[in-house]
Amino acid sequence: MRGFADSWEAARFRSRVYRRIRTFFLDRGYLETETPLLSPDLIPESAIEIFKTEKWDFSGRTSELFLVPSPEIWMKKLLSRGSGSLFQIGKCFRNSEQSGRIHRNEFSMLEWYGVNLDYRDNIILTGELFQELSSLTRHETRHYFTDPFLILSMDEAFRQYAGFSLGARNSLGELKHEADRLGLPREESDDRETLFNRIFLSLVEPALPRDQTVVLIDYPAFVPTLARKIEGTPWCERWEMYIGGIEICNCYTEETDKEKVGAYYEGEAAEKNRTALVPHRTDRGFAALFHKDYPAVSGNAVGLDRLIMALSGADSIDQVLLFP
């Protein structure tokens with residue numbers, strides 16, 4: 001088994017990584033933030049289950065609070081108040097996650113928002129961060145952080161690993177046909193997002209190269225997110241990064257049109273209330289944050305436990321935690 005000799009070595013390594021990350025962003029003028037872990041409402045994401053708790057007051061009245069799956073809801077409020085570029089290292093929580101080699105219900109995340117950046121600018125910034133971290137890596141993993149990234153569009157990935165163009169064949173009927181051709185199970189009730197995810201997770205993601213860092217760019221716009229759409233195309237300005245076949249981070253050019261943010265909220269909140277094991281409150285006034293002075297911004301969320309696992313050459317998240 002590769003990795004650290006003991007948990008103290010792992011803790012010292014994590015401390016060095018955090019210090020290097022903080023220096024990287026502070027030197028670029030980013031504000032470091034520390035936002036609440038408990039929130040009275042969350043951004044609705046139908047694919048994410050959450051943890052719920054209760055706040056009690058002395059009269060015995062209770063109110064619901066939720067552990068944040070990401071600091072996004074708070075950081076966007078700070079952006080709306082003129083914070084400028086900002087970053088955060090903190091804990092996040094997602095329920096109904098399968099614990100294993102690369103999953104935990106409680107995990108550490110680095111999230112940043114760069115003002116006047118778009119998603120392609122953020123590829124460059126992430127590469128610069130990786131170069132900064134590369135001196136901490138062990139020899140067998142250093143190439144992930146020093147070599148040029150392989151940038152592959154979602155359409156290219158589907159053509160190469162699933163045998164069809166997602167850009168040309170993305171209607172519900174066409175995706176059903178492709179799932180049948182590929183021998184994948186499906187239900188007649190499956191929608192486009194479900195079929196896309198089944199093909200992607202069954203065939204495309206497992207086939208991504210494992211010997212280099214891969215940036216999978218331009219996701220289908222029919223998958224609801226708060227990423228800005230690319231006008232005149234079926235894509236949105238989003239990428240995810242893979243190291244050794246493991247997803248490390250998720251980046252958007254953030255949608256800042258309040259009408260589009262409001263429409264996303266309405267659609268995802270309805271889906272969340274219909275399907276979630278633990279529904280949660282949503283702030284229907286969230287879209288009002290996106291006033292005319294709200295900045296153009298790109299955000300990136302990095303799973304730090306997975307990143308440290310890759311930096312250290314560990315085989316499992318357990319090897320980089322004090323309490324696995």
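Predicted model: local features only at pLDDT ≥ 70, side-chain atom pairs only at ≥ 80, totals over all residues.
The lining residues are Leu 42, Ile 43, Glu 45, Pro 69, Ser 70, Glu 72 and Ile 73.

I noted what the terms mean. On a 1 Å grid over the protein atoms alone, a cavity is a set of points where a 1.4 Å probe fits but cannot get out; a pocket is an open set with protein on both sides within 12 Å along at least five of seven lines; lining residues have an atom within 4 Å of a point. Grid points are joined across faces, edges and corners, and a volume is the space filled by probe spheres set on the points.

How much space lies in the largest cavity? I read about 70 Å³. By this rule I count one cavity of 30 Å³ or more.

**Ground rules.** Residues are numbered from 1 along each chain as its sequence is written. Local features need pLDDT of at least 70, side-chain atom pairs count only at pLDDT 80 or more, and totals for chains, interfaces and linings use all residues, while side-chain values use heavy atoms, with hydrogens and water left out.

**Second largest pocket.** I read a volume of about 320 Å³. The lining has 14 residues, and Ser 46, Asp 191, Glu 193, Thr 194 and Glu 271 lie nearest the centre. I sorted the lining into three nonpolar, four polar and seven charged. Which helix gives the most to this lining? Helix 7 does, with five residues. Helix 7 (192-207) and helix 8 (258-275) each supply at least two. Helices (H or I, at least four residues) and strands (E, at least two) are DSSP runs, numbered from the N terminus.

Next I traced an open sheet of three strands, order 2-4-3, with antiparallel pairing. Strand 2 (38-39) and strand 3 (52-56) are at the edges with a single partner strand each, so one side of each has no neighbour in the sheet. Two strands pair if DSSP finds at least two bridges between them.

Strands 2 and 4 are joined by two bridges. There, Leu 38 stands opposite Leu 67. Strand 3 pairs with strand 4 (residues 62-67) over five bridges. Lys 52 stands opposite Phe 66, and Thr 53 has Leu 65 as bridge partner. Strands 3 and 4 form a hairpin with five residues between them. In the turn, Gly 60 has a positive phi of about 95°.

How values were computed
Nonpolar A, V, L, I, M, F, W, Y, C, P; charged D, E, K, R; others polar.
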